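Open the model in your viewer and keep the selection panel at hand.

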Amino acid sequence: MSQVNIPNVKIAVIDDDLLGRDFIVTVLMYCVNRDILSFDSGTAAWKYIKDHGSPDIIISGIDVPGLSGFELLSKFKKKYPEKKCLLMSADPAHEQSARDSGADAFLAKPVSVNDLFKVVETFVV
């Protein structure tokens, strides 16, 4: 992960696992002291992005309903190449595919607090 500094960062988390998504949102809210957007599907996230503008960073599960994490990554990077997209999965085999598809980072699920601190340290601070 290459280091970037995004002041007043806007982050969206997309995952169909409610407990995992809530954990990530809570930790990130604590770290960046900002509201974090939360979606249970790639389709809902993309609709929000089209209607309300893009977050600076999206963190998406790969196997989410509607648009998969890979499909969301492709649309997001095509429209906003300068923005950051991180993909996450419990399947370690997805890591190389995520990187090959243009993800800025890959998070292995279950995501730990330390993983999220590294994300903030790398992309926000």
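Select aspartate 104 to begin: this residue is partly exposed, with a relative accessible area of 21% (buried means under 20%, exposed over 50%, partly exposed in between, with a 1.4 Å probe and protein chains only). The model is predicted, so local features need pLDDT of at least 70 and side-chain atom pairs pLDDT 80 or more, while totals for chains, interfaces and linings use all residues. Residues are numbered from 1 along each chain as its sequence is written, and side-chain values use heavy atoms, without hydrogens and water.

Lysine 77 counts as buried at 18% relative accessibility. Salt bridges that share partners join Lys77, Lys84 and Asp104 into one network.

Next, select lysine 83 and aspartate 56, a salt bridge whose closest N and O atoms are 3.8 Å apart. Lysine 83 is buried at 16% relative accessibility, and aspartate 56 is buried at 19%.

Then show residues 42-52, helix H2, and residues 69-79, helix H3 (helices are DSSP runs of H or I, at least four residues, numbered from the N terminus). Their axes, which are lines fitted to C-alpha atoms over the stretch in contact, come within 10 Å and cross at roughly 15°. H2 and H3 are therefore roughly parallel (angles under 35 degrees).

Terms used:
Axes are lines fitted to C-alpha atoms, for helices over the stretch in contact, and angles run from 0 to 180 degrees between N-to-C directions. Helices (H or I, at least four residues) and strands (E, at least two) are DSSP runs, numbered from the N terminus. Angles under 35 degrees count as roughly parallel, over 145 as roughly antiparallel, 65 to 115 as roughly perpendicular and the rest as oblique. A salt bridge is a side-chain nitrogen of Lys or Arg within 4 Å of a carboxyl oxygen of Asp or Glu.
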